[in-house]
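Reader: I have a model open and some terms to sort out. Can you take my questions one by one?

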2 protein chains.
Amino acid sequence: MTSQEKLLSQISEGRHIAVGLDPDLKKLPSHLLSEKNPILTFNKEIIDKTYKYAASYKLNFAFFEKYGTEGFSTLFETISYIPKDKLIIADAKRGDIGNTSKMYAESIFNGFNSDAVTLHPYMGYDSVEPFLEFEDKISFILALTSNKGSSDFEKLTLKDGSFLFQQVIKNTLLWNTRNNCGLVFGATNEQELDENISLFGTLPVLLPGIGAQGGSLEKVVSSFKKNGKDNFLINVSRSVIYKDSSRDFAKAAMQEVMALNQEIDRIKG
Amino acid sequence: MTSQEKLLSQISEGRHIAVGLDPDLKKLPSHLLSEKNPILTFNKEIIDKTYKYAASYKLNFAFFEKYGTEGFSTLFETISYIPKDKLIIADAKRGDIGNTSKMYAESIFNGFNSDAVTLHPYMGYDSVEPFLEFEDKISFILALTSNKGSSDFEKLTLKDGSFLFQQVIKNTLLWNTRNNCGLVFGATNEQELDENISLFGTLPVLLPGIGAQGGSLEKVVSSFKKNGKDNFLINVSRSVIYKDSSRDFAKAAMQEVMALNQEIDRIKG
């Protein structure tokens with residue numbers, strides 16, 4: 001099953017949530033801290049309870065790298081534990097010169113067995129191309145991000161009057177010859193989403209920014225609906241996985257994903 | 001000793017070369033392949049022979065990550081082996097939302113004990129700021145890179161007539177309140193370097209692109225000389241570490257660094 005097929009299959013069954021696994025020892029339920037590997041136990045419980053309702057899991061590489069080689073073992077074991085029909089997104093935000101990007105692509109797609117990756121566009125085509133050579137995977141290019149700093153460069157106006165992030169979208173469409181590109185578009189930029197969604201073509205969209213960062217699910221999903229599209233993934237991390245710090249944390253995460261699904265269903269109508 | 005002091009000290013002693021450690025099993029001298037950890041042995045021999053003549057070592061994280069958890073152990077052991085007066089650059093090209101960048105910064109500066117890092121500017125200030133909070137470290141921001149794709153976005157013209165990479169330089173100067181920012185500027189862009197070097201202020205500059213990528217040492221060093229600056233590091237990787245594939249590979253690398261030092265001395269006059 002290609003990554004594109006996995007994504008389509010999940011979305012056709014009405015699942016749009018990408019659960020972000022950002023495991024932080026400081027935020028884990030305290031009863032887990034006596035476990036041999038608290039983060040792995042945490043991730044497994046979250047996956048066990050949420051997988052029926054989630055479309056995808058997004059692994060934030062920083063939160064594993066922080067724990068050194070042990071963290072990378074945990075990352076590997078977490079990915080291995082995720083049911084194979086769910087889209088596994090390596091949120092690693094890579095981007096380097098060609099021969100280096102090739103190494104990252106091999107690491108992420110072969111080494112870590114991820115289905116998808118997030119990429120910085122700044123260095124241009126040849127920094128992205130080694131990832132695109134993996135035809136059956138999905139490369140989500142950062143277009144407009146959910147953070148405040150997205151105004152610094154992404155929203156700069158170019159000579160032709162367009163914004164830099166719009167140029168990134170245009171280039172991503174050109175790079176999409178193998179039908180394996182996607183976009184990251186921050187849900188905190190609701191107006192920009194609404195104004196630019198028609199430019200996206202058939203590119204799938206990963207939307208961070210709902211939850212802890214304050215983006216509106218209602219507005220975001222409405223934009224997709226209005227444009228007759230439903231190839232989107234809503235990423236939720238902290239607001240789901242740390243919803244509850246008791247022994248029932250995973251059940252609370254599950255209920256949160258179910259509530260989001262219901263809300264999305266309602267908005268899609 | 002702060003990273004800034006290390007850099008100044010190396011440069012004041014006439015050393016400008018950052019040896020790039022991009023270890024690739026396919027390119028290692030074949031006699032090393034029977035070693036228990038060929039890459040670590042390779043790195044140690046390169047460091048042993050070159051450290052008297054090099055200012056810095058640049059660790060390309062992709063080339064370690066590719067070998068999984070074992071690769072990260074090797075990265076850690078390699079960094080530990082580098083003499084403490086040399087600037088250790090984590091060439092990891094990070095950049096993410098604040099709470100994630102914080103994790104990467106802790107990993108790179110505390111976990112891996114690096115002195116400096118390379119960062120993507122695309123996501124703006126708050127993606128960079130968690131690195132800048134490490135006052136005694138140096139964050140090299142990608143301004144204009146050495147690859148062909150640098151034309152795709154970095155050289156786009158903005159509404160005010162400036163290039164995007166010039167805006168990145170301007171912002172980096174604003175972010176430099178702790179005197180711990182630097183720039184990455186590809187040596188393949190000799191003309192742009194010459195035209196923009198006066199904008200750099202006191203920011204140190206890391207220049208990849210000499211050697212395998214074809215940048216001219218003569219032109220690059222001349223631009224710094226003409227502008228009365230010498231706070232630059234020339235990164236060389238493949239053309240030095242893979243100069244020779246015999247048992248004398250490390251000696252050949254040393255001779256290459258010595259030759260580059262002489263050439264830089266000559267141009268500086």
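Reader: What makes β3(B) and β4(B) a pair of strands?

Author: This is a predicted model. Two strands pair if at least two bridges are found between them. Here 3 bridges join β3(B) to β4(B), residues 116–119 of chain B, so the two count as paired. They run parallel. In one of these links, B:A90 has B:V117 of β4(B) as its bridge partner.

Reader: Which path does the chain take from β3(B) to β4(B), and what hand has the crossover?

Author: The chain passes through helix α5(B), residues 98–111. This β-α-β crossover is right-handed. That word is used because the path over the helix runs clockwise when the strands point away from the viewer.

Reader: How do you know that β2(B) pairs with β3(B)?

Author: Count bridges again. There are 5 between β2(B), residues 56–60, and β3(B). The cut-off is at least two, so they pair. These strands also run parallel. B:K58 has B:I89 as its bridge partner in β3(B).

Reader: What makes the relation between chain A and chain B a two-fold axis?

Author: A rotation of 180 degrees superposes chain A on chain B, with 0.0 Å of shift along the axis and an RMSD of 0.0 Å. That is the relation of a two-fold axis.

Key:
Residues are numbered from 1 along each chain as its sequence is written. Chains are lettered from A and ligands numbered from 1 in the order in which they are written. This is a predicted model: local features need pLDDT of at least 70, side-chain atom pairs count only at pLDDT 80 or more; totals for chains, interfaces and linings use all residues. Copies are superposed by least squares on the C-alpha atoms of residues with pLDDT of at least 70 in both. Helices (H or I, at least four residues) and strands (E, at least two) are DSSP runs, numbered from the N terminus.
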